[in-house]
Amino acid sequence: MEALDLARWQFGIITVYHFILVPLTIGLAPLVAIMHTLWVRTGSERWLKMTKFFGKLLLINFALGVATGIVQEFQFGMNWSEYSRFVGDIFGAPLAIEALVAFFLESTFLGLWIFGWDRLPKKVHLACIWLVAFGTTASAYFILAANSWMQHPVGAVFNPETGRAELDGVQGIFAVLTNSTLLAAFPHTIATSWLVAGTFVAGISGWWIVRSVKAGRTEEARLTWRPAAYIGLVAMVIAGIAVIGTGDAQGKLMYEQQPSKMAAAEAQCESTEAAPFSLLTIGDLSNNCDSSTRLLSVPGLTSFLGTGHFSGPESFLPGVNDLQSEAQARFADQFGPDQDYTPNLMVTYWSFRLMIGLGVFSAVLALAGLWLLRKGRVTDSVWFSRLCLLALPMPFLAASFGWIFTEMGRQPWVVAPNPANPVDNVYLLTQQGVSTVVPAWSVLTSMVIFTLLYAALGAVWFFLLRRYVREGIEPEVPTSEQLPGQPEPTLSFAY
Amino acid sequence: MDLSVLWFLLLAVLWTGYLVLEGFDFGVGMLLKPFARNENERRMLLRTVGPIWDGNEVWLLTAGGATFAAFPEWYATMFSGFYLALLLILVALIVRICAFEWRQKIDDPIWRNRWDWAHTFGAWIPSVLWGVAFANLVQGMQIEIIDGNHQLTGGFFSLITPFTLLGGVTTAALFLTHGAVFLALKTDGEVRVRAGLLAQRLSIGSLLVAAVWAVWAQLAFSSNVFSWVPLVIAALSLVGVVIAARARREGWAFALNAVAIAAAVALIFSIMYPNVMPSSLNPDWSLTIAGASSSKATLQVMSVIALVMVPIVLAYQGWTLWVFRARLTGAQIGSATGLHPFRERSFENVDR
């Protein structure tokens, strides 16, 4: 293994790991804020219990999200120093803005929220969790601005003196922050996060409804868990519709901006009109299309995803073979005649399908939940309880596969050439971006250390979440046990 | 003033923010085992920094991101060159975050003790290694120019010299003092008295170590007569910490120690100027402010954002300190709040 492969594996591992935790934080923070608001507005104990219960889960998750995020900030310079030199002028700005605008906000106000139950006026304290929710969402916007720029560079000029991409004047930053790719990726990511968190809240609450009813505590199920489940279900329905709409918009953009990613989504080798969408493909793992057999194809669907047309000349979809020859002709001077410009078709093909397919679990859970809990009902059906548990991990996996598709689909580029500016020289192959002074053994060392450390911390994270979910809520919140003037929070969120 | 020089100063400000604020977090973390005598005191120590440590740590992320944005060459050269040192720091920071947040989640002495050891590791390692890293920026590193790019080719062991090791000892001593003074400022009762005594002893030690290191840095590596100014300020404020700690003036001791850390950063940056990474192999290979900086447009954009955001951040972080200004006593800490690791609440038998 060379340093390049190891660095790619390392970035993939730590980023996928980070993004298991991120969507839950982005989606759960506003849901907890909504529960907290309902408590402040209604004064009803049930919402206080739910705020406490899901607040603890949010904090357990937030810790590991922060911990894994720190590595990301330095990873570019450590393993990808040549990439950092090439793009730092543009790429660094969103990262710095993210820290200044979002990270400070979420970390400071989360501390205030955790420890401020008895120190702050009720409404100020409530504002803290809303600021946390805003901060998590804002951080997603800025980091996606950086990523979208790699997929579709805008607002940049190539400086031949330094050999670097530079910001195209001060207005370049507005181009970066209003990149069409970003305006599609950001809502898609946020909607996905709400789907993850909605499934999390609805799944856990649904499981507790069944458990409470079976234990003869129908009141608790009806009064406390059912409203929480409903918040999750409503979030899932809204988010699910938004995920589909924004995903469709992203497909249309991808067709224009990254045609080889679009073709790789269906592993479409030959250019064709009315490209079908197959559900399964059997073949070997090479990028060789002749070896594969497609099953259960939906005619014209891939063309529709990219162009909005099922058939006819407008539905024309370039295949990877033509795109490969095109790129080889265009970049022959720079990268030689033999450079491969095709992403790993197996990974893109399957990650695209799994991303879409795993969303079905959330859809089934939402429909079942809305039906079983209609008009104030609660349920004790065992299959619903199992469905709740089964659906929990699925949106997390779908989010991971979506990112694997997005990132592996732009290979071999780390900065993909923008087809609208074909001669501006702002593009970089992944192999050109890797650090030259870091030997492979160093990368291997850090990869092994991070992987083992993350695995251990992931096990603890799972243990804690499971333990706290199974603990549930106290049957009744004891009236405040504090002595007057005792500055210890009623909500035992302290360390 | 040239924008790239302004950003050089702004980075010094960001690093100052990080080292002053996380300095006492690290100090408290380093004292967790040796200072606290029982569970109640350990919880008290953690509670003093509980609401603020996470916000303090963001100064590091901001310094990293700002280096990337304003000086991409510096970011790329330094972080690829400091690879293994940075890896160690990152591992330490990761386990420390989890130790902070997860320690209290399970009510079990073994569980808590393991997290406290993780916390100790996570506080000591960065406290030493940040000093080693900054001492390298003063001393110069094995920087060469390869294909027109500055590269640090020495690897991990080229970063370890007597001077840089003393730099690591210096930051650890400063942070230990900072933590002890902070504890004396934030607690009441017996812990306050003991923290005050400890701060007295530590402040003398950190004065001696820091004085040797700073004078060494000035005489051996500074070509800049103006760097005497922060050196003298640092020395005077460290003497002030010793005096204030003796007199039990906790607020003064804390403020002066913060000034000393800020002056130390100013000393480091003024010795580095006009380089950001001096080469020990050949002065012509040093990475300069001008050579490392972004384009003018990026610096303009970043300047506007930083000059708007940094005051806002300082305002609400200051407000947070104000909200949690009350001193803690042992009686307020209360008993453990976590769950038993395995024995769950008996669910069926609870009557409503």
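Me: Where is the place of B:Arg248 in chain B?
Reply: You'll find B:Arg248 in the loop between helix H9 (228-246) and H10 of chain B. Helices (H or I, at least four residues) and strands (E, at least two) are DSSP runs, numbered from the N terminus. Bear in mind that this is a predicted model, where local features need pLDDT of at least 70, side-chain atom pairs count only at pLDDT 80 or more, and totals for chains, interfaces and linings use all residues. Residues are numbered from 1 along each chain as its sequence is written, chains are lettered from A and ligands numbered from 1 in the order in which they are written, and side-chain values use heavy atoms, leaving out hydrogens and water.

Me: Why is B:Arg248 called partly exposed?
Reply: Its relative accessible area is 33%. Buried means under 20%, exposed means over 50%, and partly exposed is in between (1.4 Å probe, protein chains only).

Me: What makes A:Lys375 count as exposed?
Reply: A:Lys375 has 75% relative accessibility, so the label is exposed. This residue is in the loop between helix H11 (345-372) and helix H12 (382-391) of chain A. A:Lys375 isn't a glycine, yet has a positive phi of about 50 degrees.

Me: And how do you know whether A:Arg410 is buried or exposed?
Reply: Check the relative accessible area: for A:Arg410 that is 9%, so this one is buried.

Me: Which residues is A:Arg410 in contact with, leaving aside its neighbours within four places in sequence?
Reply: They are A:Met150, A:Gln151, A:Gln258 and A:Lys261. Contact means heavy atoms within 4.5 Å. A:Arg410 itself is in the loop between helix H13 (394-408) and strand S5 (413-415) of chain A.

Me: What is the peptide bond from A:Gln411 to A:Pro412?
Reply: That bond is cis, with omega near 5 degrees. A:Pro412 is in the loop between H13 and S5 of chain A. Chain B has a cis bond too, from B:Tyr273 to B:Pro274, with omega near 0 degrees. There, B:Pro274 is in the loop between helix H10 (250-272) and strand S3 (275-277).

Me: How many helices and strands are there in chain A?
Reply: Chain A has 15 helices and six strands.

Me: How is chain A divided?
Reply: There's domain 1 (3-258 + 345-476) and domain 2 (268-279 + 290-343) in chain A. The bounds come from an automatic or database domain assignment. Taken over C-alpha atoms, the centres of these two domains are 30 Å apart.

Me: How many residues of domain 1 of chain A are in contact with domain 2 of chain A?
Reply: 22 residues of domain 1 of chain A are in contact with 23 residues of domain 2 of chain A.
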